[in-house]
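Here are my notes on this one, as numbered points. Have the model open while you go through them.

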Amino acid sequence: MNTYLIVKTLHIISSVLMVGTGFGTAFYLFWANRSGSVAAQAVVAKWVMKADWWFTTPAVIFQPLSGLWLLNQLGMPFTWDGAWLWVKWTLALYALAGVCWLPVVWLQIKMAKMAQAAYAKGENALPPEYKRYQMAWEWLGYPAFCAMFAVFFLMVLKPM
């Protein structure tokens with residue numbers, strides 16, 4: 001069996017897991033937040049946080065490691081000057097997504113705790129601070145997802 005093809009397959013699967021889990025969980029939390037149901041927000045926020053730890057985080061770590069290994073197998077030097085332009089753009093966009101994602105994880109933890117505390121107390125609304133976190137969470141998600149979609153195109157098309 002060809003090690004390169006196995007790693008490439010795992011690289012593709014982990015990219016789908018990373019972006020798919022991120023998009024799917026964001027979709028559910030986005031709409032749970034608009035439902036006005038503290039119970040829904042508490043449950044969804046808790047599971048979004050868990051999905052990030054179980055699926056997204058390992059994929060985020062595996063992606064650059066497997067990608068660099070694959071490039072090395074193709075004879076791509078690890079120096080910035082020797083990198084192809086599409087690789088540089090991919091790494092820059094991946095870094096942008098990561099810079100957005102790290103505060104999103106922190107916000108998700110805070111939002112989950114607030115929603116669970118409000119639900120446990122039987123409250124019908126979340127504190128105003130939750131809404132501020134929610135808006136920051138959403139606005140950080142937009143550039144991260146756009147960056148990752150661009151990374152997919154660059155990885156497939158390798159245009160430069």
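1. Let me start with charges over rings: I count one if NZ of Lys or CZ of Arg is within 6 Å of the ring centre and within 35 degrees of the ring normal. Lys 50 does this with Trp 47, lying over its face at 5.3 Å from the ring centre. Arg 34 likewise lies over the face of Phe 30, at 3.6 Å from the ring centre.

2. A word on the ground rules. This is a predicted model, where local features need pLDDT of at least 70 and side-chain atom pairs count only at pLDDT 80 or more, while totals for chains, interfaces and linings use all residues. Residues are numbered from 1 along each chain as its sequence is written, and side-chain values use heavy atoms, with hydrogens and water left out.

3. On to the aromatics. Rings of Phe, Tyr and Trp (its six-membered ring) pair if their centres lie within 6.5 Å; planes under 30 degrees apart are stacked, over 60 edge-to-face, and the rest tilted. The structure has 7 aromatic pairs. One of them joins Phe 27 and Tyr 28, edge-to-face at 5.4 Å centre to centre with 85° between the planes. Phe 30 and Trp 31 also pair edge-to-face, with 5.0 Å between centres and 80° between planes.

4. How open are these rings? For relative accessible area, buried is under 20%, exposed over 50%, and partly exposed in between (1.4 Å probe, protein chains only). Tyr 28 is exposed at 56%, whereas Phe 27 is partly exposed at 43%. Trp 31 is partly exposed too, at 48%.

5. Cysteines next. With a disulfide taken as a pair of cysteine sulfur atoms within 2.5 Å, the count is 0. The closest cysteine sulfur to that of Cys 100 belongs to Cys 146, and at 9.9 Å it is too far for a bond. Cys 100 is buried, at 7% relative accessibility, but Cys 146 is exposed, at 53%.

6. Finally, the helices, which are DSSP runs (H or I, at least four residues; strands are E, at least two) numbered from the N terminus. The unreviewed UniProt entry annotates "transmembrane region" at residues 12–32, 53–71, 83–107 and 139–157; such annotations may be inferred rather than shown by experiment. Residues 12–32 are 100% helix, with end C-alpha atoms 30 Å apart. Residues 53–71 are also 100% helix, and there the end C-alpha atoms are 27 Å apart. Just after α3, Gly 122 takes a positive phi of about 75°.
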